[in-house]
Amino acid sequence: IFDNCFYELNPKMLEFMLSRKVPLSETYYTSNYKFIMSCGIESLKKYIHDFINAYLFDVYLKLDKNENEELQSYVSLLNNNSVELDIKEQLIQKVNTVVEDIKIIENNDVRDLLFKHKKITISWNNVYESYISHEEFFSLSMIDYLNDSEIAEKLSNVKISSEKDEEGNYIYGDFVRSIIHQESLNDKSYALLTKSSPWGYSSFESEK
């Protein structure tokens, strides 16, 4: 029954069947996908991947303590194109794991969800990467993220880099100007975020 996957994917059945193959450590309950991927049972791994959305909806999200997925396995789920976007959002809401570098997330919609639910490390690098991936545009999720006063305050304590590229142009020049011209920022966040500019300006485009 186990080897041929003749059983339903639900928490009780999976725990019952799997416990007769391997010892169930605490990782099974707190980082379930990581445990399954490292348990060495190929038939189970194939079963999970063939029915990934059913597994996530009917098992993963139902395990109460399953909130600390190991980062690598968590990112693997978020980058899995077979996983439906609404299930990815439920994962992001449930799991406490924070993504440190947004570049390891391949899809812009998933990136926006991480910012929406504040499950991403607060850094100018992550904000900039989102801005670039949206073709030098601040998404609605990013605007809401930057309008959070706690996030804006943390960012305000770090200067944006004044680094230049090989041609001598400021890499973050247009990015900083986009922040200055961003009308959707509330007054408190605007005052905080503009403190991070490494430059002062003697003139500006008044029409913006």
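I took a patch as residues with over 30% relative accessible area and no salt bridge, with like charges joined within 9 Å. Asp and Glu count as negative. A negative surface patch is formed by Glu-163, Asp-165, Glu-166 and Glu-167.

The model is predicted: local features need pLDDT of at least 70, side-chain atom pairs pLDDT 80 or more, while totals for chains, interfaces and linings use all residues. Numbering runs from 1 along each chain, and side-chain values use heavy atoms, without hydrogens and water.

I placed Glu-167 in the loop between α11 (149-156) and α12 (173-180). Helices are DSSP runs (H or I, at least four residues), numbered from the N terminus. Glu-167 is exposed at 69% relative accessible area. My classes were buried under 20%, exposed over 50% and partly exposed in between (1.4 Å probe, protein chains only).

Next, salt bridges (a side-chain nitrogen of Lys or Arg within 4 Å of a carboxyl oxygen of Asp or Glu). I found eight in the whole structure. One of them joins Lys-116 to Glu-89 at 3.0 Å, N to O. Lys-116 sits in helix α8 (residues 108-116) and Glu-89 in helix α7 (residues 85-94), so the bridge ties parts 27 residues apart in sequence. Lys-116 is partly exposed at 45%.

Glu-129 pairs with Arg-111, with the closest N and O atoms 3.7 Å apart. Glu-129 lies in helix α9 (residues 124-133) and Arg-111 in helix α8, 18 residues apart. Is this pair, Glu-129 and Arg-111, buried or exposed? Both are buried.

Key: Patches are made of residues with over 30% relative accessible area and no salt bridge: like charges are joined within 9 Å, nonpolar side chains (Val, Leu, Ile, Met, Phe, Trp, Tyr) within 5 Å. Accessible areas come from the Shrake-Rupley method with a 1.4 Å probe; for residues, only the protein chains shown count as cover. The place of a charge is taken as NZ of Lys, CZ of Arg, CG of Asp or CD of Glu. Helices (H or I, at least four residues) and strands (E, at least two) are DSSP runs, numbered from the N terminus.
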